[in-house]
Amino acid sequence: MAILEEPVKGPVVLKNYIDGEWVESKGELQDVINPATGKLIAKIPYSTKKEVDEVVEVAKKAFPEWRKTTPLARVRCLFRLKELLEENFEELSRVQTQEHGKTIDESRGETRRGIENVEVAAGIPSLMMGYNLEDIATGIDEYLIRQPLGVFCCIAPFNFPFMIPLWFAPYAVATGNCIIVKPSSRCPITQAKVTELIEEAGFPPGVWNMIHGSGAMISSQLITHPDIKGVTFVGSTTVGKKIYQECGENGKRIIAQGGAKNFVVIMPDADLKKTILSLMTSFYGNAGQRCLSGANALVVGEDDLFYKRFVEAFVDAASRIKVGYGLDEATQMGPLQSKRGKDKVLDYIEKGVQQGAKLILDGRKVNVTGNYPETCFLNPSVFENVTPEMVIAKEEIFGPVGCIMRVKNLNEAINVIHQNRYGNAASIYTSSGKSAREFQYHTLCGNIGVNVGIAAPMAFFPFSGMKDSFFGTLHGQGQETVRFFTESKVVIQRWW
Ligand code: NAD
(Lines give C-alpha, C1' and ligand atoms only; values in the text may rest on other atoms or scores of the structure.)
Protein backbone atom coordinates (compact mmCIF):
# COMPACT_ATOMS: atom_id res chain seq x y z
CA MET A 1 0.00 0.00 0.00
CA ALA A 2 1.18 3.52 -0.76
CA ILE A 3 2.73 5.66 1.96
CA LEU A 4 0.57 8.68 2.81
CA GLU A 5 2.08 12.09 2.19
CA GLU A 6 4.15 13.51 5.07
CA PRO A 7 2.84 16.94 6.10
CA VAL A 8 6.12 18.00 7.77
CA LYS A 9 8.43 18.48 4.82
CA GLY A 10 11.77 19.48 6.22
CA PRO A 11 13.52 20.44 9.41
CA VAL A 12 11.41 23.33 10.69
CA VAL A 13 12.69 25.40 13.61
CA LEU A 14 9.84 25.55 16.12
CA LYS A 15 8.90 28.82 17.78
CA ASN A 16 7.14 29.70 21.00
CA TYR A 17 3.65 31.20 20.89
CA ILE A 18 3.57 34.06 23.36
CA ASP A 19 0.97 36.82 23.55
CA GLY A 20 -0.51 35.91 20.16
CA GLU A 21 2.89 36.08 18.41
CA TRP A 22 5.24 33.42 17.10
CA VAL A 23 8.53 34.17 18.82
CA GLU A 24 11.93 32.69 18.05
CA SER A 25 13.60 31.38 21.20
CA LYS A 26 17.17 32.25 22.13
CA GLY A 27 17.56 28.81 23.73
CA GLU A 28 19.68 26.03 22.30
CA LEU A 29 18.10 23.78 19.68
CA GLN A 30 17.51 20.01 19.87
CA ASP A 31 16.69 17.61 17.05
CA VAL A 32 13.28 16.03 16.54
CA ILE A 33 13.63 12.80 14.57
CA ASN A 34 10.97 10.78 12.77
CA PRO A 35 11.51 7.43 14.54
CA ALA A 36 10.44 5.38 11.52
CA THR A 37 12.53 7.04 8.80
CA GLY A 38 15.35 8.40 10.98
CA LYS A 39 14.97 11.79 9.25
CA LEU A 40 15.41 15.09 11.06
CA ILE A 41 12.01 16.78 10.91
CA ALA A 42 12.31 19.71 13.31
CA LYS A 43 14.50 21.58 15.74
CA ILE A 44 12.99 22.48 19.07
CA PRO A 45 14.31 25.23 21.33
CA TYR A 46 14.99 24.78 25.02
CA SER A 47 13.57 28.14 26.03
CA THR A 48 15.41 30.42 28.41
CA LYS A 49 14.41 31.63 31.88
CA LYS A 50 13.72 35.09 30.44
CA GLU A 51 11.28 33.55 27.93
CA VAL A 52 9.53 31.60 30.68
CA ASP A 53 9.13 34.77 32.74
CA GLU A 54 7.82 36.57 29.66
CA VAL A 55 5.16 33.97 28.87
CA VAL A 56 3.89 33.95 32.47
CA GLU A 57 3.84 37.74 32.48
CA VAL A 58 1.72 38.03 29.29
CA ALA A 59 -0.69 35.34 30.47
CA LYS A 60 -1.06 37.16 33.77
CA LYS A 61 -1.75 40.41 31.91
CA ALA A 62 -4.38 38.78 29.70
CA PHE A 63 -6.25 37.21 32.62
CA PRO A 64 -8.35 40.12 33.99
CA GLU A 65 -10.00 40.85 30.61
CA TRP A 66 -10.44 37.18 29.72
CA ARG A 67 -12.15 36.32 33.01
CA LYS A 68 -14.59 39.19 32.37
CA THR A 69 -15.39 37.86 28.90
CA THR A 70 -18.75 36.08 29.09
CA PRO A 71 -18.71 32.28 29.14
CA LEU A 72 -20.62 32.24 25.83
CA ALA A 73 -18.06 34.50 24.15
CA ARG A 74 -15.23 32.35 25.51
CA VAL A 75 -16.92 29.24 24.21
CA ARG A 76 -17.33 30.73 20.73
CA CYS A 77 -13.53 30.56 20.38
CA LEU A 78 -13.74 26.85 21.26
CA PHE A 79 -16.45 26.27 18.66
CA ARG A 80 -14.19 27.87 16.04
CA LEU A 81 -11.27 25.79 17.27
CA LYS A 82 -13.36 22.62 17.00
CA GLU A 83 -14.25 23.44 13.36
CA LEU A 84 -10.60 24.15 12.54
CA LEU A 85 -9.47 20.90 14.17
CA GLU A 86 -12.04 18.99 12.08
CA GLU A 87 -10.92 20.74 8.88
CA ASN A 88 -7.30 19.82 9.64
CA PHE A 89 -8.10 16.38 11.08
CA GLU A 90 -6.04 14.36 8.61
CA GLU A 91 -3.00 16.64 8.65
CA LEU A 92 -2.95 16.73 12.45
CA SER A 93 -3.13 12.93 12.53
CA ARG A 94 -0.31 12.50 10.04
CA VAL A 95 1.95 14.87 11.98
CA GLN A 96 1.44 12.72 15.08
CA THR A 97 2.50 9.66 13.12
CA GLN A 98 5.53 11.46 11.72
CA GLU A 99 6.90 12.58 15.06
CA HIS A 100 5.67 9.75 17.29
CA GLY A 101 5.65 6.69 15.05
CA LYS A 102 2.15 5.40 15.87
CA THR A 103 0.00 4.10 13.01
CA ILE A 104 -2.20 6.54 11.15
CA ASP A 105 -5.32 4.88 12.53
CA GLU A 106 -4.02 5.27 16.07
CA SER A 107 -3.31 8.93 15.34
CA ARG A 108 -6.78 9.44 13.90
CA GLY A 109 -8.25 7.88 17.05
CA GLU A 110 -6.16 10.24 19.17
CA THR A 111 -7.29 13.27 17.16
CA ARG A 112 -10.93 12.27 17.66
CA ARG A 113 -10.51 11.84 21.43
CA GLY A 114 -8.73 15.19 21.70
CA ILE A 115 -11.47 17.03 19.78
CA GLU A 116 -14.07 15.45 22.07
CA ASN A 117 -12.54 17.40 24.96
CA VAL A 118 -12.94 20.67 23.06
CA GLU A 119 -16.58 19.71 22.48
CA VAL A 120 -17.18 18.94 26.16
CA ALA A 121 -15.40 22.13 27.31
CA ALA A 122 -17.73 24.08 25.01
CA GLY A 123 -20.48 23.18 27.49
CA ILE A 124 -18.86 25.39 30.13
CA PRO A 125 -21.86 27.70 30.66
CA SER A 126 -23.61 24.69 32.23
CA LEU A 127 -20.54 22.89 33.61
CA MET A 128 -19.34 25.94 35.51
CA MET A 129 -22.65 26.81 37.13
CA GLY A 130 -22.85 27.16 40.89
CA TYR A 131 -25.94 26.59 43.02
CA ASN A 132 -28.05 28.41 45.56
CA LEU A 133 -30.49 27.88 48.39
CA GLU A 134 -32.88 30.50 49.63
CA ASP A 135 -33.95 31.01 53.24
CA ILE A 136 -31.00 29.30 54.88
CA ALA A 137 -32.17 31.50 57.77
CA THR A 138 -35.01 33.95 57.81
CA GLY A 139 -34.48 36.44 54.98
CA ILE A 140 -31.05 35.04 54.13
CA ASP A 141 -30.02 33.24 50.93
CA GLU A 142 -26.78 31.49 50.15
CA TYR A 143 -25.16 30.70 46.84
CA LEU A 144 -21.98 29.25 45.40
CA ILE A 145 -20.12 30.60 42.38
CA ARG A 146 -17.10 29.18 40.59
CA GLN A 147 -14.36 31.59 39.58
CA PRO A 148 -11.19 31.19 37.54
CA LEU A 149 -7.85 31.57 39.30
CA GLY A 150 -5.36 32.99 36.79
CA VAL A 151 -2.48 31.31 34.95
CA PHE A 152 -1.98 27.54 34.71
CA CYS A 153 0.63 25.46 32.95
CA CYS A 154 0.15 22.11 31.26
CA ILE A 155 3.09 19.71 31.01
CA ALA A 156 2.52 16.94 28.49
CA PRO A 157 4.12 13.54 27.78
CA PHE A 158 5.37 12.32 24.43
CA ASN A 159 2.95 9.46 23.86
CA PHE A 160 -0.26 11.41 23.11
CA PRO A 161 1.09 14.68 21.74
CA PHE A 162 -2.28 15.86 20.41
CA MET A 163 -4.81 14.61 22.94
CA ILE A 164 -3.27 15.09 26.36
CA PRO A 165 -2.89 18.90 26.31
CA LEU A 166 -6.56 18.92 25.26
CA TRP A 167 -7.55 17.05 28.43
CA PHE A 168 -6.83 20.34 30.19
CA ALA A 169 -6.26 23.47 28.08
CA PRO A 170 -9.82 23.84 26.64
CA TYR A 171 -11.30 23.63 30.17
CA ALA A 172 -8.72 26.11 31.49
CA VAL A 173 -9.61 28.79 28.95
CA ALA A 174 -13.35 28.02 28.95
CA THR A 175 -13.47 28.67 32.70
CA GLY A 176 -11.72 32.02 32.18
CA ASN A 177 -8.12 31.13 33.03
CA CYS A 178 -5.04 31.59 30.85
CA ILE A 179 -2.88 28.61 29.96
CA ILE A 180 0.72 27.88 29.01
CA VAL A 181 1.18 24.54 27.26
CA LYS A 182 4.61 22.88 27.44
CA PRO A 183 4.57 19.99 24.92
CA SER A 184 6.95 17.07 25.27
CA SER A 185 10.30 17.99 23.76
CA ARG A 186 10.27 14.57 22.09
CA CYS A 187 7.00 15.21 20.15
CA PRO A 188 6.48 18.97 19.96
CA ILE A 189 5.32 19.50 16.35
CA THR A 190 1.71 18.39 16.80
CA GLN A 191 1.05 21.03 19.47
CA ALA A 192 2.75 23.64 17.28
CA LYS A 193 0.16 22.78 14.59
CA VAL A 194 -2.68 22.91 17.12
CA THR A 195 -1.45 26.31 18.27
CA GLU A 196 -1.58 27.64 14.69
CA LEU A 197 -5.30 26.80 14.80
CA ILE A 198 -5.66 28.39 18.23
CA GLU A 199 -4.29 31.58 16.68
CA GLU A 200 -6.92 31.32 13.90
CA ALA A 201 -9.72 30.56 16.36
CA GLY A 202 -9.49 34.10 17.72
CA PHE A 203 -8.45 33.71 21.36
CA PRO A 204 -7.19 37.09 22.60
CA PRO A 205 -3.37 37.34 22.86
CA GLY A 206 -1.94 35.86 26.04
CA VAL A 207 -4.87 33.53 26.77
CA TRP A 208 -3.51 30.30 25.23
CA ASN A 209 0.29 30.21 24.97
CA MET A 210 2.84 27.56 24.15
CA ILE A 211 6.47 27.30 25.18
CA HIS A 212 8.99 24.62 24.27
CA GLY A 213 11.58 23.39 26.67
CA SER A 214 13.37 20.71 28.56
CA GLY A 215 11.89 19.03 31.59
CA ALA A 216 14.45 20.50 33.96
CA MET A 217 13.76 24.05 32.79
CA ILE A 218 10.06 23.59 33.39
CA SER A 219 10.65 22.12 36.79
CA SER A 220 12.81 24.90 38.12
CA GLN A 221 11.14 27.89 36.49
CA LEU A 222 7.57 27.40 35.30
CA ILE A 223 6.26 25.31 38.21
CA THR A 224 7.85 27.43 40.91
CA HIS A 225 6.96 30.75 39.28
CA PRO A 226 4.93 32.77 41.82
CA ASP A 227 2.31 33.75 39.21
CA ILE A 228 1.47 30.18 38.21
CA LYS A 229 -1.65 29.10 40.11
CA GLY A 230 -1.60 25.45 39.18
CA VAL A 231 -0.02 22.73 37.08
CA THR A 232 -1.36 19.81 35.13
CA PHE A 233 1.16 17.07 34.54
CA VAL A 234 0.92 13.80 32.67
CA GLY A 235 4.05 11.65 32.39
CA SER A 236 6.18 9.24 34.36
CA THR A 237 5.58 8.58 38.06
CA THR A 238 9.10 9.69 39.03
CA VAL A 239 8.67 13.14 37.51
CA GLY A 240 5.00 13.39 38.52
CA LYS A 241 5.81 12.70 42.16
CA LYS A 242 8.57 15.30 42.13
CA ILE A 243 6.32 17.95 40.57
CA TYR A 244 3.52 17.07 42.98
CA GLN A 245 5.87 17.72 45.90
CA GLU A 246 7.15 20.97 44.37
CA CYS A 247 3.61 22.19 43.82
CA GLY A 248 2.74 21.35 47.42
CA GLU A 249 5.74 23.27 48.71
CA ASN A 250 4.85 26.25 46.53
CA GLY A 251 1.13 26.21 47.32
CA LYS A 252 -0.08 25.37 43.83
CA ARG A 253 -2.90 23.19 42.62
CA ILE A 254 -1.84 20.09 40.75
CA ILE A 255 -3.24 17.22 38.77
CA ALA A 256 -0.42 14.70 38.25
CA GLN A 257 -1.14 11.55 36.24
CA GLY A 258 1.77 9.10 36.26
CA GLY A 259 2.96 5.78 34.92
CA ALA A 260 1.26 2.41 34.83
CA LYS A 261 1.55 -1.36 34.75
CA ASN A 262 -1.76 -2.75 33.65
CA PHE A 263 -3.12 -6.24 34.21
CA VAL A 264 -5.62 -8.05 32.06
CA VAL A 265 -7.54 -11.00 33.54
CA ILE A 266 -8.75 -13.74 31.23
CA MET A 267 -11.46 -15.92 32.75
CA PRO A 268 -12.00 -19.47 31.41
CA ASP A 269 -15.48 -18.39 30.20
CA ALA A 270 -14.09 -15.59 28.00
CA ASP A 271 -14.79 -15.64 24.25
CA LEU A 272 -11.25 -16.55 23.19
CA LYS A 273 -11.40 -15.29 19.61
CA LYS A 274 -12.76 -11.86 20.49
CA THR A 275 -10.48 -11.63 23.54
CA ILE A 276 -7.31 -12.25 21.54
CA LEU A 277 -8.29 -9.65 18.94
CA SER A 278 -8.92 -7.09 21.66
CA LEU A 279 -5.69 -7.97 23.50
CA MET A 280 -3.56 -7.32 20.41
CA THR A 281 -4.67 -3.67 20.43
CA SER A 282 -4.32 -3.50 24.19
CA PHE A 283 -0.77 -4.92 24.35
CA TYR A 284 0.73 -3.81 21.05
CA GLY A 285 -1.24 -0.71 20.02
CA ASN A 286 0.95 2.40 20.03
CA ALA A 287 3.83 -0.11 20.26
CA GLY A 288 2.90 -0.57 23.93
CA GLN A 289 3.52 3.10 24.71
CA ARG A 290 0.18 3.84 26.37
CA CYS A 291 -0.54 4.37 30.03
CA LEU A 292 -3.55 2.09 29.47
CA SER A 293 -1.70 -0.65 27.57
CA GLY A 294 -2.17 -4.22 28.69
CA ALA A 295 1.16 -5.51 30.00
CA ASN A 296 0.48 -8.56 32.19
CA ALA A 297 -2.07 -11.20 31.15
CA LEU A 298 -3.41 -13.25 34.07
CA VAL A 299 -4.98 -16.44 32.78
CA VAL A 300 -7.39 -17.81 35.37
CA GLY A 301 -8.15 -21.47 36.19
CA GLU A 302 -6.55 -24.88 36.24
CA ASP A 303 -7.73 -25.94 32.83
CA ASP A 304 -4.43 -26.68 31.04
CA LEU A 305 -6.14 -26.98 27.70
CA PHE A 306 -7.71 -23.52 27.94
CA TYR A 307 -4.36 -22.06 29.01
CA LYS A 308 -2.55 -23.74 26.10
CA ARG A 309 -5.15 -22.54 23.60
CA PHE A 310 -4.87 -19.00 24.97
CA VAL A 311 -1.06 -18.89 24.79
CA GLU A 312 -0.96 -20.34 21.28
CA ALA A 313 -3.59 -17.91 19.98
CA PHE A 314 -1.90 -14.93 21.70
CA VAL A 315 1.54 -15.73 20.26
CA ASP A 316 0.12 -16.51 16.84
CA ALA A 317 -1.75 -13.19 16.66
CA ALA A 318 1.21 -11.19 18.02
CA SER A 319 3.60 -12.77 15.54
CA ARG A 320 1.35 -11.72 12.65
CA ILE A 321 1.23 -8.01 13.57
CA LYS A 322 2.60 -6.08 10.63
CA VAL A 323 5.33 -3.69 11.76
CA GLY A 324 6.28 -0.69 9.64
CA TYR A 325 5.95 3.02 9.02
CA GLY A 326 2.71 4.36 10.45
CA LEU A 327 1.95 6.35 7.31
CA ASP A 328 1.59 3.04 5.47
CA GLU A 329 -2.10 2.29 6.07
CA ALA A 330 -1.37 -1.45 6.14
CA THR A 331 0.94 -1.06 9.15
CA GLN A 332 -0.43 -2.42 12.43
CA MET A 333 2.40 -1.38 14.74
CA GLY A 334 4.89 1.46 14.35
CA PRO A 335 8.33 1.93 15.89
CA LEU A 336 9.12 2.95 19.45
CA GLN A 337 9.23 6.73 19.65
CA SER A 338 12.99 6.86 20.29
CA LYS A 339 16.14 4.80 20.31
CA ARG A 340 16.34 5.42 24.06
CA GLY A 341 12.84 3.99 24.48
CA LYS A 342 13.79 0.93 22.44
CA ASP A 343 17.00 0.40 24.45
CA LYS A 344 14.94 0.49 27.65
CA VAL A 345 12.64 -2.22 26.28
CA LEU A 346 15.62 -4.34 25.20
CA ASP A 347 17.01 -4.02 28.69
CA TYR A 348 13.76 -5.30 30.19
CA ILE A 349 13.64 -8.24 27.78
CA GLU A 350 17.16 -9.16 28.86
CA LYS A 351 16.18 -8.92 32.54
CA GLY A 352 13.12 -11.10 31.90
CA VAL A 353 15.30 -13.80 30.36
CA GLN A 354 17.84 -13.54 33.20
CA GLN A 355 15.14 -13.88 35.86
CA GLY A 356 13.85 -17.10 34.29
CA ALA A 357 10.80 -16.04 32.28
CA LYS A 358 10.38 -17.93 29.02
CA LEU A 359 10.60 -15.70 25.93
CA ILE A 360 8.20 -17.48 23.58
CA LEU A 361 8.08 -14.72 20.97
CA ASP A 362 11.27 -12.71 20.53
CA GLY A 363 10.51 -9.28 19.05
CA ARG A 364 14.18 -8.39 19.01
CA LYS A 365 14.38 -10.17 15.66
CA VAL A 366 13.08 -7.15 13.84
CA ASN A 367 10.93 -7.65 10.76
CA VAL A 368 9.90 -4.31 9.30
CA THR A 369 7.85 -3.87 6.14
CA GLY A 370 9.55 -1.32 3.89
CA ASN A 371 13.02 0.06 3.69
CA TYR A 372 13.45 1.76 7.07
CA PRO A 373 16.34 1.83 9.54
CA GLU A 374 15.82 -0.63 12.41
CA THR A 375 16.92 2.01 14.96
CA CYS A 376 13.59 2.38 16.80
CA PHE A 377 11.72 -0.73 15.61
CA LEU A 378 10.89 -3.84 17.57
CA ASN A 379 8.40 -6.61 16.88
CA PRO A 380 5.98 -7.88 19.53
CA SER A 381 7.49 -10.05 22.28
CA VAL A 382 5.74 -12.50 24.59
CA PHE A 383 6.98 -13.96 27.88
CA GLU A 384 5.49 -17.00 29.57
CA ASN A 385 6.08 -18.36 33.10
CA VAL A 386 6.22 -14.84 34.49
CA THR A 387 5.83 -14.36 38.24
CA PRO A 388 4.67 -11.17 40.00
CA GLU A 389 8.10 -10.59 41.63
CA MET A 390 9.94 -10.42 38.30
CA VAL A 391 11.06 -6.98 37.15
CA ILE A 392 9.18 -7.39 33.85
CA ALA A 393 5.94 -7.99 35.79
CA LYS A 394 6.45 -5.13 38.23
CA GLU A 395 7.82 -2.22 36.22
CA GLU A 396 6.48 -0.18 33.33
CA ILE A 397 8.27 -1.41 30.20
CA PHE A 398 6.42 0.98 27.86
CA GLY A 399 6.99 -1.19 24.82
CA PRO A 400 5.53 -4.14 22.90
CA VAL A 401 6.14 -6.85 25.49
CA GLY A 402 3.39 -9.09 26.87
CA CYS A 403 3.87 -11.14 30.06
CA ILE A 404 1.65 -14.17 30.64
CA MET A 405 0.99 -15.56 34.13
CA ARG A 406 -1.36 -18.20 35.53
CA VAL A 407 -3.55 -17.78 38.59
CA LYS A 408 -6.01 -20.21 40.20
CA ASN A 409 -9.01 -17.96 40.58
CA LEU A 410 -10.31 -14.40 40.34
CA ASN A 411 -9.39 -13.63 43.95
CA GLU A 412 -5.80 -14.55 43.33
CA ALA A 413 -5.82 -12.42 40.16
CA ILE A 414 -7.03 -9.39 42.12
CA ASN A 415 -4.41 -10.03 44.83
CA VAL A 416 -1.65 -10.14 42.21
CA ILE A 417 -2.89 -6.84 40.76
CA HIS A 418 -2.87 -5.31 44.23
CA GLN A 419 0.76 -6.30 44.82
CA ASN A 420 1.75 -3.89 42.04
CA ARG A 421 2.55 -0.27 42.93
CA TYR A 422 0.52 1.16 40.06
CA GLY A 423 -3.26 1.50 39.75
CA ASN A 424 -3.98 3.02 36.39
CA ALA A 425 -6.05 0.40 34.56
CA ALA A 426 -7.13 -3.24 34.68
CA SER A 427 -9.42 -5.29 32.47
CA ILE A 428 -11.33 -8.54 32.71
CA TYR A 429 -12.47 -10.74 29.86
CA THR A 430 -15.43 -12.88 30.84
CA SER A 431 -19.00 -13.78 29.93
CA SER A 432 -20.00 -13.87 33.61
CA GLY A 433 -21.72 -10.81 35.02
CA LYS A 434 -20.83 -11.97 38.52
CA SER A 435 -17.08 -12.12 37.78
CA ALA A 436 -17.22 -8.73 36.06
CA ARG A 437 -19.03 -7.20 39.05
CA GLU A 438 -16.55 -8.74 41.53
CA PHE A 439 -13.66 -7.43 39.49
CA GLN A 440 -14.84 -3.87 39.04
CA TYR A 441 -15.94 -3.71 42.70
CA HIS A 442 -12.68 -4.89 44.27
CA THR A 443 -9.87 -3.91 41.91
CA LEU A 444 -7.90 -0.85 43.02
CA CYS A 445 -7.36 0.77 39.64
CA GLY A 446 -8.74 4.00 38.24
CA ASN A 447 -9.91 2.73 34.84
CA ILE A 448 -11.59 -0.66 34.60
CA GLY A 449 -12.39 -2.53 31.38
CA VAL A 450 -14.90 -5.34 31.04
CA ASN A 451 -14.20 -7.09 27.75
CA VAL A 452 -12.39 -3.85 26.81
CA GLY A 453 -8.58 -3.83 26.65
CA ILE A 454 -8.01 -0.06 26.63
CA ALA A 455 -10.35 1.40 29.23
CA ALA A 456 -9.98 5.01 28.05
CA PRO A 457 -12.74 7.20 29.51
CA MET A 458 -14.64 9.51 27.20
CA ALA A 459 -14.11 13.26 27.59
CA PHE A 460 -17.15 13.70 29.84
CA PHE A 461 -15.74 11.20 32.37
CA PRO A 462 -12.54 11.78 34.36
CA PHE A 463 -9.36 10.02 33.27
CA SER A 464 -8.83 8.29 36.56
CA GLY A 465 -5.89 6.61 38.28
CA MET A 466 -4.92 5.28 41.72
CA LYS A 467 -1.87 4.44 43.83
CA ASP A 468 1.42 5.41 42.10
CA SER A 469 -0.39 6.26 38.86
CA PHE A 470 -1.97 9.41 40.19
CA PHE A 471 -1.22 12.26 42.58
CA GLY A 472 -3.81 14.84 43.51
CA THR A 473 -7.55 14.74 44.05
CA LEU A 474 -9.13 15.79 40.74
CA HIS A 475 -8.47 14.16 37.36
CA GLY A 476 -8.11 15.28 33.76
CA GLN A 477 -11.17 15.65 31.48
CA GLY A 478 -14.76 16.73 32.05
CA GLN A 479 -16.37 18.01 35.21
CA GLU A 480 -13.40 17.24 37.49
CA THR A 481 -11.13 19.42 35.37
CA VAL A 482 -13.69 22.23 35.54
CA ARG A 483 -13.52 21.95 39.32
CA PHE A 484 -9.71 21.99 39.18
CA PHE A 485 -9.64 25.20 37.16
CA THR A 486 -12.16 27.03 39.35
CA GLU A 487 -12.33 28.22 42.91
CA SER A 488 -15.61 27.97 44.83
CA LYS A 489 -16.84 31.11 46.50
CA VAL A 490 -19.85 31.08 48.82
CA VAL A 491 -21.96 34.18 49.25
CA ILE A 492 -24.46 34.67 52.10
CA GLN A 493 -26.91 37.45 51.45
CA ARG A 494 -29.31 39.03 53.91
CA TRP A 495 -32.24 40.93 52.47
CA TRP A 496 -33.53 43.88 54.48
P1 NAD B 1 8.20 12.14 31.35
O2 NAD B 1 7.87 12.11 32.79
O3 NAD B 1 9.61 11.85 30.96
O4 NAD B 1 7.87 13.60 30.72
C5 NAD B 1 6.60 14.17 30.80
C6 NAD B 1 6.74 15.68 30.68
O7 NAD B 1 7.47 16.17 31.80
C8 NAD B 1 7.50 16.15 29.45
O9 NAD B 1 6.92 17.33 28.96
C10 NAD B 1 8.89 16.41 29.98
O11 NAD B 1 9.60 17.39 29.25
C12 NAD B 1 8.60 16.91 31.37
N13 NAD B 1 9.68 16.60 32.32
C14 NAD B 1 10.63 15.63 32.23
N15 NAD B 1 11.46 15.67 33.29
C16 NAD B 1 11.02 16.68 34.07
C17 NAD B 1 11.46 17.22 35.30
N18 NAD B 1 12.51 16.75 35.95
N19 NAD B 1 10.75 18.24 35.81
C20 NAD B 1 9.67 18.73 35.17
N21 NAD B 1 9.21 18.28 34.00
C22 NAD B 1 9.88 17.27 33.46
O23 NAD B 1 7.16 11.17 30.62
P24 NAD B 1 7.14 10.72 29.10
O25 NAD B 1 8.24 9.74 28.87
O26 NAD B 1 7.04 11.90 28.20
O27 NAD B 1 5.72 9.97 29.01
C28 NAD B 1 5.56 8.61 29.28
C29 NAD B 1 5.00 8.39 30.67
O30 NAD B 1 3.74 9.06 30.79
C31 NAD B 1 4.70 6.93 30.96
O32 NAD B 1 5.12 6.64 32.26
C33 NAD B 1 3.17 6.84 30.85
O34 NAD B 1 2.59 5.82 31.60
C35 NAD B 1 2.78 8.19 31.36
N36 NAD B 1 1.44 8.57 30.93
C37 NAD B 1 0.47 8.61 31.88
C38 NAD B 1 -0.83 8.92 31.52
C39 NAD B 1 -1.92 8.95 32.55
O40 NAD B 1 -2.98 9.50 32.30
N41 NAD B 1 -1.71 8.39 33.73
C42 NAD B 1 -1.13 9.22 30.19
C43 NAD B 1 -0.11 9.19 29.25
C44 NAD B 1 1.19 8.87 29.65
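These are my notebook entries on a predicted model.

**Ground rules.** I'm working on a predicted model, so I take local features only at pLDDT of at least 70 and side-chain atom pairs only at pLDDT 80 or more, while totals for chains, interfaces and linings use all residues. Residues are numbered from 1 along each chain as its sequence is written, and side-chain values use heavy atoms, with hydrogens and water left out.

I started with the open sheet of three strands, order S1-S5-S4, mixed pairing. Strands here are DSSP runs of E, at least two residues, and helices are runs of H or I, at least four residues, numbered from the N terminus. Two strands pair if DSSP finds at least two bridges between them. Which strands stand at the edges? S1 (12–13) and S4 (29–33) do; each has a single partner strand, so one side of each lacks a neighbour in the sheet. S4 and S5 (residues 40–45) run antiparallel and are joined by five bridges. I looked up Asp 31 and found Lys 43 in S5 opposite.

**Ligand.** Next I went to the ligand, which 28 residues surround; the cut-off is a heavy atom within 4 Å. The closest are Ala 156, Lys 182, Ser 236, Gly 258 and Glu 396. I then checked polar contacts (N or O atoms within 3.5 Å; within protein, one must be able to donate a hydrogen and the other to accept it, and residues adjacent in sequence count only if both atoms are side-chain atoms). Gln 257 puts a polar side-chain atom 2.9 Å from a ligand oxygen. From the backbone, an N or O atom of Phe 158 is 3.1 Å from an oxygen atom of the ligand, and a polar atom of Gly 235 is 3.2 Å from a ligand oxygen. The protein covers 88% of the 850 Å² of accessible area that the ligand has on its own (Shrake-Rupley method, 1.4 Å probe).

I also asked where the shell comes from. H6 (163–174), H8 (215–222), S11 (228–234) and H9 (237–249) each supply at least two residues, and H9 has the largest share with three. By class I noted 14 nonpolar, ten polar and four charged residues; Ala, Val, Leu, Ile, Met, Phe, Trp, Tyr, Cys and Pro count as nonpolar, Asp, Glu, Lys and Arg as charged, and the others, Gly among them, as polar.

**Rings.** The count is 16 aromatic pairs (Phe, Tyr or six-membered Trp rings with centres within 6.5 Å; planes under 30 degrees apart are stacked, over 60 edge-to-face, the rest tilted). Phe 484 and Phe 485 form an edge-to-face pair, 5.1 Å centre to centre with 70° between the planes. Buried or exposed? Phe 484 is buried at 4% relative accessible area, and Phe 485 is buried at 0%; buried means under 20%, exposed over 50%, partly exposed in between (1.4 Å probe, protein chains only). I also found Phe 283, Tyr 284, Phe 310 and Phe 314 linked into a cluster by ring pairs.

**Covered strand.** All of S14 (residues 294–300) is buried, seven of seven residues. S13 (residues 262–266) runs parallel to S14, with five bridges; Asn 262 has Gly 294 as its bridge partner.

**Loops.** Most residues other than glycine have a negative phi. Asp 19 has a positive phi of about 60°; this residue sits in the loop between S2 (16–18) and S3 (21–23) and is partly exposed at 30%. Asn 286 also has a positive phi, near 60°, but is buried at 2%.
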